[in-house]
Structure formats: structure tokens, C-alpha cells
Amino acid sequence: MPKLTGKRILLGITGGIAAYKAAELVRLLCKAGADVQVVMTEAAGRFITPMTLQALSGRPVRQGLFDPAYEAAMSHIELARWADLILIAPATADFLAHLAHGLANDLLSTLCLASEAPIALAPAMNQRMWLNQATVDNADVLVKRGILLWGPAAGEQACGESGPGRMVEPEGLLGSTVEFLSGGVLAGLRMLLTAGPTREPIDPVRFVGNRSSGKMGFALAKAFVLAGARVELVSGPVSLPTPSRVNRIDVETALDMEQAVMERVAECDIFVGCAAVADYRPEIMVEQKIKKSDERLALQLIRNPDIISQVAALPEAPFSVGFAAETEEPETYAEQKRQAKRLDMIAANLVGAASGGFERDENALTVLWDGGRCDLPMAEKEALAERLVGLIAEHYEKKYSAENS
Ligand code: C5P
């Protein structure tokens, strides 16, 4: 049976040069068994004719908000309810801005506001427009609201420039649609994550800790759920709400975290160590509160177990992803850690006074794997998490399809 049989896709086309590729996308979606209803903006009609799209989809193309004949047949509200997925390809910078601000001044933006269906955008624009802070902010807002961004890809552009902003090719968009409607890129996979700091007790009231807020790990947990995975999150002490559909296990010390992870790791496909685990703990926890008496107090610290190294060294190790927070040369140190800990992937970031990382809502990461790297520029942690999940899914898939072939 074709992969999209019975699925109803509302394909929105906005006015950019990549609109000509929408014809191929309609053909591919229909061939995969989907019912496709095309909705075009007025500007899209300058790049591709409704006649072409009607012929390929077998349905009259909807364009205006105030067309009595169409409204009588299926009103825009009925159309909004009809869709299993609203896919907008290409989505221009202007359309992203409209959506981010909740404007509803044409049929397509009205449908997006009126629909409860998931919305996926395939952005396509000049690379400077994509990198413009206004577009970056709009994209962040949309991702935060749960809207999916498929792309953009990087490469040569119709305007003669080169960079991020190309629409993902129709084949790629078909793949994302199939993955999404069959449950997400990580459908059925089991994730185990660690997040937050650990607290290593000195006495009953004091501890050795660190500045990790847990925000990145929690954003990742949420993004994994959205990608269709089952998620267990072992969290150190943080003040963050548990994302929906995440099974959270609270721990305090590195030893507690180690135990919680090792009890569950055999059941997981992918392990992500996002926690800032204390490398050392006080050798003894003093039973009663230490009184101030002497001018100096020496704390004897001993090494904590390295949780992620233990996970990655298991005979049936899951796909293992670590983080490396560094105050200098993040890429060099992270790659050393990736190799020493035998990780499939590591995400490096700069921390410290000026560079962000801990406690902030934004971050930038350099992701490294065997023979490759990818820079994820400064963005809200939720948007960053979504991109990192995409990379993890891609490399997990590559590793296991290579092993099974
Ligand atoms: O060696 P470093 O602490 O910089 O490595 C960071 C990575 O190792 C993170 O993924 C962190 O969660 C993990 N880690 C661990 N157990 C430790 C220390 C770090 O799992 N004791």
C-alpha cells in the first residue's frame, strides 16, 4: 500500500521561485497515496499556475478567502479541519513573519490559524533573508509553538548567492511527510537522557554543585517526544516542569544518576548525556552540619564514575551522544572527549562569563561525529534541540542501516 494512503495534505504554496518545485511535490505526494489540496497565495500564482497544480492534484486549487463558490462547497473552516497535515512549501520569509504574528489576511494564513492540524514549513529564501535576525526570531517563535521547520537546505541559490535558504527538494519533503505522518523520525525508539547538575553532599546542608540549569536536556526531551520517541529523563535537581509524555526520574548525586541510568540503559536505543555530572564528590559526607571553627577547611574529593563512558563501553551500547561544555577551544577538547569516551556524537559549546551555555535560554553548538561536523548557530535551546534531534536521528539511522546491510 502506498505510504500516504488516506492521508489528507493541505499543501500551501507561497510566492518564491522555489514554487515551481511544488508541482513535483504534488506529484510525489499523490503518487504516495495522499489526497492533496493545494492552497496558493496570490504571489505564488506569479511563479506557477493553478492549472498545473489542479491537473496534478486532481482538485481545484484554492486561492481566495472570499470566493463564494468555493466557500459553499467547502468553507475555509471545513478545509482547516479536513487536513491531517498542513505543509507549506515553499514558505517565504514574509509568510514566516505572517505566521509568527498570527496574521490572517489571506486564505492560507487564515487556514493556519484556524486549523488544529500540525503545520510544517519548508522555508525558501535568499540566504541573507534567512540569516536576518528578524527571520531567525520568527523561526524561533514558530518552533516554540510546535510548528515544524523542514530545512532550509544550503547551497546555490536562484539569486546567484550560496548559503542556507534553499527549499528542501521535493523527495526530501516527501520523506519528512511520510516519517511525520507515520509517527516521527524516531517513532518507536526509546531514549534515555540525563539532564541538569548533580549535587555532591558535604554535610546534611551543603553540597558541591554547578551552574547547569537543565534547560538544554529538558528541551531535548521535549524534542525527542515530538519526534515520536519514548523518553526517560534522569534529572538532577532543577526547577523545570516535566515536558509532557516524558517519564522523569529525579536524582541528586552522580552515584544516584549512575544507578538510575545503569538500571535503564539496556532498554534504550539512544542515550544522551546532557547532565553536568560532578567529576568529584567529597570523600566522606559529614553526618552533622560542619561548624565553623578553624580558619581553613580542607575538603578531600574523589572521582565520580563517568556515566556516559560506562554506557558507551557496554557490549550492546546504545547510540551514545555526549555534551562538552568548555571554556576554550571547544571543538578540540570535545573531539578528544568523543574519542576517549567512545561516543557516536558529541555536542560542544562554550561556557563561561561571556559565552552563554549554562543558565541561559540560548546556546550555540558544534556537533562532531566520526569524520564529520555541523555548526548549529546561536538559537533558543528549544530550536537547537529540534535540530540536534534531527542530526541524531540521521546518524542513528546511518549507523544501524550500515550495520544491518
Ligand atoms: O568529561 P566531561 O565531564 O567534560 O564530559 C561531558 C560529558 O560526559 C557529558 O555528556 C556528561 O553528561 C558526561 N559525563 C558523565 N559522567 C561524568 C562526567 C561527565 O556521564 N562523571
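How close do the axes of H1 and helix H2 come, and at what angle do they cross?

## About the model

This is a predicted model, in which local features need pLDDT of at least 70 and side-chain atom pairs count only at pLDDT 80 or more, while totals for chains, interfaces and linings use all residues. Residues are numbered from 1 along each chain as its sequence is written, and side-chain values use heavy atoms, leaving out hydrogens and water.

## Helices H1 and H2

The axes of H1 and H2 (residues 50–57) come within 9 Å and cross at roughly 10°. That makes H1 roughly parallel to H2 (angles under 35 degrees count as roughly parallel, over 145 as roughly antiparallel, 65 to 115 as roughly perpendicular and the rest as oblique). Axes here are lines fitted to C-alpha atoms, for helices over the stretch in contact, and angles run from 0 to 180 degrees between N-to-C directions. Helices (H or I, at least four residues) and strands (E, at least two) are DSSP runs numbered from the N terminus.

On the H1 side, Ala22, Ala23, Val26, Arg27 and Cys30 meet Thr52, Leu53, Leu56 and Ser57 of H2, where contact means heavy atoms within 4.5 Å. The residues of this contact divide into 6 nonpolar, 2 polar and 1 charged (Ala, Val, Leu, Ile, Met, Phe, Trp, Tyr, Cys and Pro count as nonpolar, Asp, Glu, Lys and Arg as charged, and the others, Gly among them, as polar).

## The sheet

Five strands form an open sheet: 5 strands in the order S2-S1-S3-S4-S5, with parallel pairing (two strands pair if DSSP finds at least two bridges between them). Strand S2 (35–40) and strand S5 (148–149) stand at the edges with a single partner strand each, so one side of each has no neighbour in the sheet. Strand S4 (residues 119–123) is joined to S5 by 2 bridges, and Ala120 stands opposite Leu148 in S5.

Helix H1 (residues 22–31) packs on this sheet, touching S1 (8–13), S2 and S3 (85–91), and its direction makes about 180° with that of S1. Helix H9 (residues 170–181) lies across S1, S3, S4 and S5, at about 160° to S3.

## Helices H5 and H8

H5 (residues 93–100) and H8 (residues 133–144) pack at an angle of about 50°, with axes 9 Å apart; they are therefore oblique to each other. The residues of their contact divide into 7 nonpolar, 2 polar and no charged.

## Two domains

The domain assignment, automatic or from a database, gives domain 1 (8–181) and domain 2 (190–404). Their contact takes 6 residues from domain 1 and 5 residues from domain 2.
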